[in-house]
Amino acid sequence: MSAQLIDGRAIAEQIHAETAATIQQLKTQHRLTPGLAVILVGENPASVAYVGMKDKMCARLGIHSEKIHLPASTSQGELLNLVNDLNFRSDIHGILVQSPLPDQISEDVIFAAIDPTKDVDGFHPLNVGKLALGDPTSFVPCTPAGVHELLIRCGITVEGAHVVVLGRSRIVGRPVSLILSQKARHANATVTVCHSRSRNLAAICRSADILIAAIGVPRFVKADMVRDGAVVIDVGINRVDGKLVGDVDFDAVKDKAGWITPVPGGVGPMTIAMLMHNTVLAAKRRHGLA
Ligand code: NDP
């Protein structure tokens, strides 16, 4: 393997240590305990696992966490009432509604009902708009923020680089393209966003200094789509024959890339690290400390 491995677990641990230190400071100097409410509707096994991990990480770092598990039959009105109650709670600084939601509930309606100052997932239209405008008071969605942080902490130059993003979803592809193309430090990239209607994908990918794959197609990115020495960030999490694999054919691409994230252990751990970070940021902003 010639590529350097980007160890998302180790980098996430660094961020957790920084977050835990900030929480300690908030508790001792300001008598402030950040609080996160995580709402799960139904029994989707992946969602149950994610919510459990978030809850455990809150406990580890010293965040007050409330896990609210509702039946799959919950109506949109019932969920709206709950979100509204949490919006008014002074001990809850962050609210996260785990997606996907059952069919009878519109994610758009629910995300828009969360107080934007508690929207630690960054999905409220106000925060999406602020991110598009480059307003630093937004909350940045956790997975794309995690990708950005990985690049920064590995010392990878984003400024002026050609970044190709595979995928334009609102939770990964679109926000990561906005973050990296901003007129800001550690950004200023030239970003190309590709999707299922893009033509000449392989050629576009080969022109990337940094290739970010977020499409949900197992091992889609092959070695002939990667330029020698390119940085390859694999956001994909796909289950194939009971095994987790990314959107990149890791075994083939690792000999071609300059840097590469593994799956698991790359972007995944960063998502939860940025969620904890955003929760602490929400608490600090609420109390005029950020
Ligand atoms: P979505 O299904 O919402 O979006 C997929 C995007 O990829 C769409 O824009 C789609 O295009 C595009 N796409 C799909 N197939 C192709 C193709 N063959 N060629 C080009 N573009 C294609 O997925 P998400 O963004 O939610 O997730 C992407 C992956 O990232 C998944 O594997 C998911 O599990 C993983 N993920 C990982 C997280 C983590 O913490 N590491 C967090 C969130 C997601 P179009 O718009 O035209 O339909």
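Is Thr261 buried or exposed? I looked this up first. Thr261 counts as buried, because its relative accessibility is 1% and the cut-off for buried is under 20%. I note here that the model is predicted.

**Entry: around Thr261**

I placed Thr261 in the loop between β11 (259–260) and α10 (268–286). I then checked what its side chain reaches. The side chain of Thr261 comes to 2.8 Å from the backbone nitrogen of Asp234.

**Entry: the ligand**

How many residues surround the ligand? I found 21 residues around it, and the closest are Arg168, Ser169, Ser196, Ile237 and Thr271. I sorted the shell by kind: 10 residues are nonpolar, 10 are polar and 1 is charged.

In the side chain of Ser169, an N or O atom is 2.5 Å from an oxygen atom of the ligand. For the side chain of Ser196, the distance from an N or O atom to a ligand oxygen is 2.5 Å. The side chain of Thr271 has an N or O atom 2.7 Å from an oxygen atom of the ligand. I also noted the cover: on its own the ligand has 930 Å² of accessible area, and the protein covers 69% of that.

**Entry: a nonpolar patch**

Which residues make the nonpolar surface patch of about 350 Å²? I listed Tyr50, Met53, Ile237 and Leu244. Ile237 is also among the closest residues to the ligand. I found Met53 in helix α2, which spans residues 45–61. Met53 is partly exposed, since its relative accessible area is 46% and that class runs between 20% and 50%.

**Entry: salt bridges**

I recorded 9 salt bridges in the structure. I went through several of them.

In one of them, the side chains of Arg60 and Glu13 meet, with N and O 2.8 Å apart. This pair links distant parts of the chain: Arg60 is in helix α2 and Glu13 is in helix α1 (residues 8–30), 47 residues apart. Arg60 has a relative accessible area of 49% and is partly exposed. Glu13 is partly exposed at 37%.

I then looked at Arg89 and Asp91, whose side chains meet in a salt bridge of 2.8 Å, N to O. Arg89 is partly exposed, with a relative accessible area of 28%. Asp91 counts as partly exposed at 33% relative accessibility.

What forms a salt bridge with Asp108? I found Arg170, with the closest N and O atoms 2.8 Å apart. Asp108 lies in helix α4 (residues 107–113) and Arg170 in the loop between β5 (162–166) and α7 (173–181), so the pair ties together parts that are 62 residues apart in sequence. Asp108 is partly exposed, with a relative accessible area of 44%. Arg170 counts as exposed, because its relative accessibility is 56% and the cut-off for exposed is over 50%.

I also noted a network of salt bridges that links Glu18, Glu149 and Arg153.

**Entry: Val217**

Where is Val217? I placed Val217 in the loop between β7 (210–213) and β8 (231–234). Val217 counts as partly exposed, with 35% relative accessibility.

Key:
Residues are numbered from 1 along each chain as its sequence is written. This is a predicted model: local features need pLDDT of at least 70, side-chain atom pairs count only at pLDDT 80 or more; totals for chains, interfaces and linings use all residues. Side-chain values use heavy atoms; hydrogens and water are left out. A residue is near a molecule or strand if one of its heavy atoms lies within 4 Å of it. A polar contact is a pair of N or O atoms within 3.5 Å; within protein, one must be able to donate a hydrogen and the other to accept it, and residues adjacent in sequence count only if both atoms are side-chain atoms. Accessible areas come from the Shrake-Rupley method with a 1.4 Å probe; for residues, only the protein chains shown count as cover. Ala, Val, Leu, Ile, Met, Phe, Trp, Tyr, Cys and Pro count as nonpolar, Asp, Glu, Lys and Arg as charged, and the others, Gly among them, as polar. Patches are made of residues with over 30% relative accessible area and no salt bridge: like charges are joined within 9 Å, nonpolar side chains (Val, Leu, Ile, Met, Phe, Trp, Tyr) within 5 Å. A salt bridge is a side-chain nitrogen of Lys or Arg within 4 Å of a carboxyl oxygen of Asp or Glu. Helices (H or I, at least four residues) and strands (E, at least two) are DSSP runs, numbered from the N terminus. Buried means under 20% relative accessible area, exposed over 50%, partly exposed in between (1.4 Å probe, protein chains only).
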